[in-house]
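Hi,

Here is the structure I promised to pass on.

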Amino acid sequence: MTEPIIVYGQKGSGSVVVEAALLLIGLPHRVVERAPTERPEAGDLTEAQMAEVNPLLQVPALRLPNGELRLSPGVDDVRRPAFLRWMTFVSAQIYGLIWVTDDPRRLAVDEAHQAVIVSRVQERRAECWRIMDTQVAPAPYILGADLSVLDLYVTVVSAWGPGRKRFYEVAPKMGEVVRRVDRDPRLTALWKERFS
């Protein structure tokens, strides 16, 4: 028997994207709860063990027993460039800003400054969603007929600030995709347990 896939993450975090993908693929896995900013401690993973999974010591992180698993267009698929473009865009332009809003004290000098930073970051995220929405043509998923991890990623990240209401306003085409993924019966239990 092979070692199980291990997802290091936390309820409501980016690890839910990975959990959803593994559920859809039908691969057994286990989740090791770890807050995104938590440092490894004794009794848990050591810092060296966590660094093997992710050198930045951040979650979500994934440990595969062997080989590569994917829920994405293959390397020779014509949708592959769009998949890589939008996965990178969401990661760099939208998801990457969570570091700021999770703890604005990292950048702010006082509480008033924190509120300004959070507000501006939320508006930047909304603008990024708007830009992406103008350049995709979902049919019925972002890349076409097949559900991909990109759809899962957008579904999870769109629920964070500025929130779904604003997301639906600025990204109506992708909003339909997110609603479709939210209703997918294969994911109902996962959404309820891990992403309420």
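To start with the charges: how many salt bridges does the count come to? The count comes to 11, where a salt bridge is a side-chain nitrogen of Lys or Arg within 4 Å of a carboxyl oxygen of Asp or Glu. Before the details, a word on the ground rules: this is a predicted model, in which local features need pLDDT of at least 70 and side-chain atom pairs count only at pLDDT 80 or more, while totals for chains, interfaces and linings use all residues. Residues are numbered from 1 along each chain as its sequence is written, and side-chain values use heavy atoms, with hydrogens and water left out.

Helices here are DSSP runs of H or I with at least four residues, strands are runs of E with at least two, and both are numbered from the N terminus. Glu19 and Arg194 are both buried, meaning under 20% relative accessible area; exposed is over 50% and partly exposed is in between, with a 1.4 Å probe and protein chains only.

Arg166 and Glu123 form another salt bridge, again 2.8 Å from N to O. Arg166 sits in helix H7 (residues 164-170) and Glu123 in helix H5, so the pair ties together parts that are 43 residues apart in sequence. Arg166 is partly exposed at 26% relative accessible area, and Glu123 is partly exposed too, at 40%.

Then there is Asp184 with Arg186, whose closest N and O atoms are 2.7 Å apart. Asp184 is buried at 8% relative accessibility, whereas Arg186 is partly exposed at 48%. Salt bridges with shared partners also join Glu19, Glu33 and Arg194 into one network.

Now a charged residue without a partner. Asp133, in helix H5 (residues 111-134), is buried yet has no salt bridge. Its nearest side chain of opposite charge is Lys173, 4.9 Å away; Lys and Arg count as positive and Asp and Glu as negative, with His and the chain ends not counted. Apart from neighbours within four places in sequence, Asp133 is in contact (heavy atoms within 4.5 Å) with Val170, Ala171, Pro172, Lys173 and Met174.

On to the sheet. Three strands make an open sheet in the order E2-E1-E3, with mixed pairing; two strands pair if DSSP finds at least two bridges between them. Strand E2 (29-33) and strand E3 (61-63) are at the edges with a single partner strand each, so one side of each has no neighbour in the sheet. Neighbouring strands are turned by 20° against each other on average, direction ignored. Axes are lines fitted to C-alpha atoms, for helices over the stretch in contact, and angles run from 0 to 180 degrees between N-to-C directions. Strand E1 (residues 5-9) pairs with E3 in the antiparallel sense over three bridges, and Val7 stands opposite Leu62 in E3.

Helix H1 (residues 15-25) packs on this sheet, touching E1, E2 and E3, and its direction makes about 155° with that of E1. H1 is mostly covered, with eight of its 11 residues buried, among them Val16, Val17 and Leu22. The buried residues pack against E1, E2, E3, H6 and H9. Gly26 follows H1 and has a positive phi, near 85°.

Helix H6 (residues 149-157) packs against helix H8 (residues 172-182) at about 95°, with the axes 9 Å apart. That makes H6 roughly perpendicular to H8, a label that covers 65 to 115 degrees; under 35 counts as roughly parallel, over 145 as roughly antiparallel and the rest as oblique. On the H6 side the contact uses Asp151, Leu152, Val154 and Thr155, and on the H8 side Met174, Val177, Val178, Val181 and Asp182.

Last, the cis peptide bonds. One joins Ala139 and Pro140, with omega about -5°, and Pro140 is in the loop between H5 and H6. Another joins Gly161 and Pro162, with omega about 10°, and Pro162 lies in the loop between H6 and H7.

Cheers
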